[in-house]
Amino acid sequence: MSTALGSRFDFTVPPELSARAPAEARGVGRDGVRMLVGHRGSRAVEHHRFTDLPQVLRAGDLLVVNNSATLPAALTGRLPDGTAVAVHLSSAEPGPLGTHLVELRSAPDVPGAAAGYYPPEATPARAGLRIALPGGAGAELGEAFTARLWHARLTLPTALPVYLARYGRAVRYGYVDRDWPVEAYQTVFATVPGSSEMPSAARPFTAETVARLAGRGVLVAPVTLHTGVASPEAHEAPYAERFTVPATTAALTAHVRAGGGRVIAVGTTVVRALESATDPDGVVREADGWTEVVITPERGVRAVDGLLTGWHEPQASHLLMLEAVAGHALLERCYAEAIRHRYLWHEFGDVNLLLPD
C-alpha cells in the first residue's frame, strides 16, 4: 500500500484472527464462513454466512469469477553451500522477458516447513546465483525485479506443470498451521492452471451454492488471471500478470448493465482483469495478454459495481482497489466491524461483500 492510503486508513489485526486451516478442517464447511456485507451509499453493514449469498444478491446480477487454478508453486532448493531455500515461482509461463519471477525464502531443512521472509538486507539472492532444484532441475537468478522478486531462468527435465505436480507444493506462509494438499487451494471454478496463489475470494463457493445462485437468476461468467506470488510482509504494488477476458464474458457484462443488473467481481484478480479490458466509456472488450493496471481511488473503476473479497492486511496494496470500489468511509466501517466481530483473515478466512445500494 502507498503511504498515502496508509495515512488515511489504518488498523491492526490481532494475530489470533489469522485463519490457520481451511474452513472444512475447522468444521464449518467451505460455504460456512462468515460474510460481512457493506452497502456503499448508506454505509450499512450486515453480518451473514456465505450460504446467504443467493438471498443477498438479486436476479439479474452477474458474478464474474476467476477460473485460474492454483499451482503447487513452492519448491525446496539448495544454495551452492547446501543451505535449503524455499523457491516460490510466480506463474506457469514465463513473462514478457522470457523469465519467471521467483521469490526466495528461508526454509528449515525439513520438507514442507513454512517458509520465512528474507528482508532485502539479508536475502542470499544475487544476479548469477544458481539454485539446485529437485529432480536435477535448476534456477539461475538474473536481475532483480523488486527487493523481493528476481528474474530467473529455469532448467527443467520436463514441462513445468508436470514438474511442479511431482516436486512442488502449495505456497504456505507461517500463519497456516501445516502443509495442506494443493486441492485445498483450488476453487470450484478452477479449470485453467497458472496461479501461484489461490484466487481465494471464490474459495467459499460450492457446486450447491452455484446451483442456488442460478435458481435465483444470478448469472456467473469467467475470466482468467494467473496470480503472481505475493508477500504478507513486503507490500509491493501489483506487477504484470497474465489475463484473459473472453468475448462471451465481455458481452454479458454489457447485457447485464443494460438490464439494470450489477457486475460483481469475485476477488481483486477479477477486478484487475475486467478493468484491464475496459475502454474509457466503461465497455468491457475481449482481451488477452499481460496487465500492469494498478487500480487506485484516483483511477477509479469502470466495469465493476461490487466486489466479493477476503480481508486484507493493513499495508496491502489491494486496499487501494477496495477503496476505489467501495469508498473510504464504507471500507473503514467494514474493517472495524470485522475486527470487532472477530472475522478471520487470509486465504482460509471469512469474506467481505461490497455492494452499491
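Thr249, Ala250, Thr253 and Val256 are the buried residues of helix α5, where buried stands for under 20% relative accessible area, exposed for over 50% and partly exposed for anything in between (1.4 Å probe, protein chains only). These four cover an arc of only 130 degrees around the axis, so they sit on the same side of α5; the arc is that of the directions from the helix axis to the C-beta atoms. The other side of α5 has Thr248, His255 and Ala258 exposed. The cover over the buried residues of α5 includes strands β3 (62-66), β12 (219-225), β13 (241-245) and β14 (263-266), with contact taken as heavy atoms within 4.5 Å. Helices (H or I, at least four residues) and strands (E, at least two) are DSSP runs, numbered from the N terminus.

All of this comes from a predicted model, in which local features need pLDDT of at least 70, side-chain atom pairs count only at pLDDT 80 or more, and totals for chains, interfaces and linings use all residues. Residues are numbered from 1 along each chain as its sequence is written, and side-chain values use heavy atoms, with hydrogens and water left out.

As for length, α5 runs over residues 247-258, and its twelve residues should span 16 Å at 1.5 Å a residue; the end C-alpha atoms are 17 Å apart, which agrees. The expected span here is 1.5 Å times one less than the number of residues in the helix. After α5 comes Gly260, with a positive phi near 90 degrees.

Zooming out, the protein chain has eight helices and 17 strands. Its radius of gyration is 20 Å, close to the 21 Å that the globule rule gives for 357 residues, so the chain is as compact as a globular protein of that length. That radius is taken over C-alpha atoms, and the globule rule is 2.2 Å times the number of residues to the power 0.38. Along the principal axes, the C-alpha atoms fill a box of roughly 60 × 40 × 40 Å. Buried residues make up 54% of the 357 in the protein chain. Among contacts in the chain with a separation of 6 or more, 72% are between residues 24 or more positions apart.

Next come the helices α7 and α8. Helix α7 (residues 318-326) packs against helix α8 (residues 328-340) at an angle of about 120 degrees, and their axes are 7 Å apart. Axes are lines fitted to C-alpha atoms, for helices over the stretch in contact, and angles run from 0 to 180 degrees between N-to-C directions. From α7, Leu319, Leu322, Glu323 and Ala326 meet His328, Leu330, Leu331 and Tyr335 of α8. Sorted by type, the residues of this contact are six nonpolar, one polar and one charged; Ala, Val, Leu, Ile, Met, Phe, Trp, Tyr, Cys and Pro count as nonpolar, Asp, Glu, Lys and Arg as charged, and the others, Gly among them, as polar.

The 13 residues of α8 should span 18 Å at 1.5 Å a residue, and with its end C-alpha atoms 18 Å apart, the helix agrees. Buried in α8 are Leu330, Leu331, Cys334, Tyr335, Glu337 and Ala338. They cover an arc of only 160 degrees around the axis, which puts them on the same side of α8. Elements covering these buried residues include β1 (34-39), β2 (45-49), α7 and β17 (351-355). His328, also in α8, is partly exposed at a relative accessible area of 26%. Between His328 and Pro297 there are 8.8 Å, C-alpha to C-alpha, although they are 31 residues apart in sequence. Just after α8, Arg342 has a positive phi of about 60 degrees.

Strand β10 (residues 149-155) holds His151, which is buried with a relative accessible area of 11%. Not counting residues up to four places away in sequence, His151 touches Leu97, Thr99, His100, Leu101, Glu140, Leu141, Gly142, Glu143 and Phe145. In the loop between β10 and α3 (160-167) is Leu156, partly exposed with a relative accessible area of 27%. Leaving aside neighbours within four places in sequence, Leu156 is in contact with Ala137 and Tyr163.

Finally, Val283 belongs to the loop between α6 (268-276) and β15 (287-291) and counts as partly exposed at 31% relative accessibility. With neighbours within four places in sequence set aside, Val283 is in contact with Ala277 and Thr278.
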